[in-house]
Amino acid sequence: MAKIDVFNGDADGICALHQLRLAQPGSDRLVTGAKRDIRLLERVEASTGDEITVLDISLDPNRPALLRLLDAGARVSYFDHHYAGEVPAHPNLQAHIDTAADVCTSIIVDRHLNGRFRPWAVAAAFGDNLVASAQALAHASGYATERTRMLAALGECLNYNGYGDTPEDLHVHPAELYSALRPFADPGEFVAASPVYARLAAGFRADLSETKALAPVLERDACRAWLLPDAPWARRVSGVFANRLVSERPEAAHAVLTPDAHGSYTVSVRAPLDRPDGADALCRQFANGGGRKAAAGINRLPAAEVDDFLRRFGAHFSGRMR
Ligand SMILES: [Mn+2]
């Protein structure tokens, strides 16, 4: 009987797993990847009695692999906030899925654990750019402003590390990052003491400074879009860059297109912060598109479809202004 933890390699996935394993330690295998590696269940083999915990990856593209594992006799606990489609009714599946726009997987886990490891849920919510939810949780728990600020910086930095075309683009492999924070019950101690975190934070600052020279390729009242250069720093920083743009102009939708290693583009779409809806509906119009209402994306958008994407993006969000 093996305990297998399958988790998104961003702040939300890592902090969701960390909360669960602080409550109930023990895992035999970690399966994770860059934030874009969403079909993680395909990599899992299991048999009767194995316990699989799945965190922060959409059920929809993983359904065939999930059914295969359930039918093999594995028991699966599934926590997620992405578009799920139909959730299989199977006696071996425990699904904790909430696709509300103000909820992330770490908040779902926080509820499940009655807030026992809340600071990690707050950091994760900041990481997923759910600023209002993060602040509401921090406020409810009576955190000082300084502590909330530290959790916001931690969440953004952990989230930043999840972006990249492949784990090789990342400063730290998500499994290594999780292992680095595993000994720390308190996020403040992790931030102060971990050399892995220091390395990550330095890389983050360097990448972010590169974005200062960029200009948008599309700029309207309702939406803005950027095309990033073909470089590892651009692939790493694209998600956080998009989150920061949204915070700068909360009434507008944003798209950031980043060249990948295949001559195509990775697309991040953020719905307006004021009205966090419609990002997933736009992205699902394209092959390899998906995500959630507030934030979604497209993998491997062909270069020939960039103009079409920009046109549909402009129309999709301009039409929503009224
Ligand atoms: Mn998430």
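What you have here is a predicted model, where local features need pLDDT of at least 70, side-chain atom pairs count only at pLDDT 80 or more, and totals for chains, interfaces and linings use all residues. Residues are numbered from 1 along each chain as its sequence is written. The protein splits into domain 1 (3-203) and domain 2 (214-318), with bounds that come from an automatic or database domain assignment.

**How the domains meet**

- The C-alpha centres of domain 1 and domain 2 are 23 Å apart.
- Where they touch, 18 residues of domain 1 are in contact with 22 residues of domain 2; contact here means that the C-beta atoms, placed from the backbone, lie within 7 Å.
- On the domain 1 side, the elements giving two or more residues are α2 (59-71) and α6 (145-162). Helices (H or I, at least four residues) and strands (E, at least two) are DSSP runs, numbered from the N terminus.
- The largest share of that side, 3 residues, comes from α6.

**The six-stranded sheet**

- Look for an open sheet of 6 strands in the order β6-β7-β8-β9-β11-β10, with mixed pairing; two strands pair if DSSP finds at least two bridges between them.
- β6 (218-219) and β10 (289-291) sit at the edges with a single partner strand each, so one side of each has no neighbour in the sheet.
- β8 and β9 are antiparallel, paired over 6 bridges, and Thr258 stands opposite Thr266 in β9.
- Those two strands make a hairpin with 5 residues between them, and Gly263 in the turn has a positive phi of about 80°.
- On to the next pairing: strand β9 (residues 265-270) runs antiparallel to strand β11 (residues 295-301), joined by 5 bridges.
- Two opposite pairs to find there: Arg270 faces Ala295 in β11, and Ser268 faces Gly297 in β11.
- β9 is mostly covered, with 6 of its 6 residues buried. Buried means that 20 or more other C-beta atoms lie within 10 Å of a residue's own, exposed means 12 or fewer, and partly exposed is in between, with C-beta atoms placed from the backbone.
- In a regular strand the side chains alternate between the two faces of the sheet. In β9 both faces are covered: Tyr265, Val267 and Val269 are buried on one side, and Thr266, Ser268 and Arg270 on the other.

**Helix α12 across the sheet**

- Helix α12 (residues 306-318) lies across β6, β7 (223-227), β8 (253-259), β9 and β11, at about 160° to β7. Axes are lines fitted to C-alpha atoms, for helices over the stretch in contact, and angles run from 0 to 180 degrees between N-to-C directions.
- Its buried residues are Phe309, Phe313, His316 and Phe317. They cover an arc of only 80° around the axis, which puts them on the same side of α12; the arc is that of the directions from the helix axis to the C-beta atoms.
- That buried set packs against β7, β8, β9, α11 (279-283) and β11.
- Turned away from the buried side, you'll find the exposed residues Asp307 and Arg311.

- Helix α3 (residues 105-112) has 6 of its 8 residues buried, so it is largely enclosed by the rest of the structure.
- Those buried residues are Thr105, Ser106, Ile107, Ile108, Val109 and Asp110, and they pack against α1 (11-23), β3 (51-55), β4 (75-80), β5 (93-97), α4 (118-127) and α5 (131-140).
- After α3 comes Asn114, with a positive phi near 50°.
- Strand β1 (residues 3-7) has 4 of its 5 residues buried, so it too is largely enclosed by the rest of the structure.
- β1 pairs in the parallel sense with β3 over 5 bridges and with strand β2 (residues 29-31) over 3 bridges.
- Ile4 has bridge partners in both: Ile52 in β3 and Arg29 in β2.

**Two partly exposed residues**

- Ser77 sits in strand β4 and is partly exposed, with 16 other C-beta atoms within 10 Å.
- Leaving aside neighbours within four places in sequence, Ser77 is in contact with Thr53 and Gln94.
- Ala231 is in the loop between β7 and α10 (232-248) and counts as partly exposed, with 14 C-beta neighbours inside 10 Å.
- The C-alpha atoms of Ala231 and Thr258 are 8.7 Å apart, though 27 residues separate them along the chain.
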